[in-house]
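The following note sets out points on the fold and on the ligand site. Please read them alongside the sequence and the coordinates.

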Amino acid sequence: MHAMKIAPSILSADFSRLKDEIQAVEAAGADWLHVDVMDGHFVPNITIGPVVVESIRKVTRIPLDVHLMIADPDKYAPEFIKAGADWVSIHPDTCANPNASLQKIRELGARASIAVNPDVPLEQVEACFRDVDMILMMTVFPGFGGQAFIPSVVPKIEAVRKIIDEQELAVLVEVDGGIKTDNIALVVRAGAEVIVSGSGIFKTPDYAETIRQMRQTVGRQE
Ligand code: DX5
Ligand code: ZN
């Protein structure tokens with residue numbers, strides 16, 4: 001069994017009280033903080049930039065998991081790393097040479113991750129696996145918080161888990177999109193170990209209780 005990490009996505013937080021929201025999920029037992037960066041080009045939504053990440057870095061000690069949904073990650077990843085990103089996820093179709101982009105992220109001192117959209121077959125990203133510390137399996141199409149979980153991704157999570165285990169790769173499996181207390185066990189059973197949840201945590205009244213329930217249904221303390 002793999003350890004489970006919970007990474008609340010601040011996309012569903014109340015941005016007028018961002019510091020309080022971040023500190024509340026940290027106190028509630030969040031392991032990482034997931035930061036969704038959107039530029040209005042790669043996805044039809046605009047969220048936050050490096051300046052905000054720099055401010056977030058000052059108010060929390062937990063790792064910042066920065067998910068770049070932007071047209072030019074090669075240009076901006078260095079700025080996010082400088083701002084304090086510990087993990088950086090990129091989408092393969094946004095870089096000319098994903099392996100080179102991932103290597104660059106590592107050179108700059110962050111952990112690198114490749115995102116796999118629901119309609120992208122694993123074969124299309126397998127060449128990246130040697131240059132990543134994590135694979136981000138999208139269980140919604142990127143762009144917005146609060147979308148419904150796409151269950152057809154589950155067999156692909158199982159498949160990626162199998163590849164990692166068989167090849168003994170030091171790579172984490174993260175899932176992102178529509179994860180809540182009622183489906184977290186499903187993705188963890190499939191092999192996910194880093195669980196992103198935005199609305200599933202921030203739209204509930206008691207973050208600590210929600211995270212406790214998530215760990216309880218999965219049967220893991222950490
Ligand atoms: C989707 C983002 C997700 C999203 C998760 O584009 O990458 O991280 O914020 O939010 P929920 O858990 O509400 O689907
Ligand atoms: Zn995300």
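1. The chain contains 8 helices and 8 strands. These assignments, like everything below, rest on a predicted model.

2. The overall dimensions deserve a brief comment. The C-alpha trace spans about 45 × 40 × 30 Å along its principal axes. A compact globule of 222 residues would have a radius of gyration near 17 Å, and the chain, at 16 Å, therefore agrees with that expectation.

3. Where does ligand 1 sit? The ligand is placed in the largest cavity. Its surroundings comprise 20 residues, of which Asp36, Gly143, Asp176, Gly198 and Ser199 are the closest.

4. The make-up of this shell is as follows: 11 of its residues are polar, 7 nonpolar and 2 charged. Three strands, S2 (33–38), S3 (64–69) and S8 (194–197), each contribute at least two residues to the shell. Strand S2 gives the most, with 3 residues.

5. Several polar contacts to oxygen atoms of ligand 1 can be listed. An N or O atom in the side chain of aspartate 36, a residue also listed among the closest, lies 2.7 Å from a ligand oxygen. For histidine 34, a polar side-chain atom is 3.3 Å from an oxygen atom of the ligand. Glycine 178 takes part through its backbone, with a polar atom 2.8 Å from a ligand oxygen. On its own, ligand 1 has 380 Å² of accessible area, and the protein covers 100% of it.

Conventions. Residues numbered from 1 in each chain as written. Chains lettered and ligands numbered in written order. Predicted model: local features only at pLDDT ≥ 70, side-chain atom pairs only at ≥ 80, totals over all residues. Heavy atoms only, no water. Near = heavy atom within 4 Å. Polar contact = N/O pair within 3.5 Å; in protein donor to acceptor, adjacent residues only side chain to side chain. Areas by Shrake-Rupley, 256 points an atom, 1.4 Å probe, with all protein chains shown as cover. 1 Å grid on protein atoms, 1.4 Å probe; cavity = no way out; pocket = protein on both sides within 12 Å on 5 of 7 lines; lining within 4 Å. Sits in = over half its atoms within 2 Å of the grid points. Helix = DSSP H or I, 4+ residues; strand = E, 2+ residues; numbered from the N terminus. Nonpolar A, V, L, I, M, F, W, Y, C, P; charged D, E, K, R; others polar. Rg over C-alpha atoms; globule rule 2.2 N^0.38 Å.
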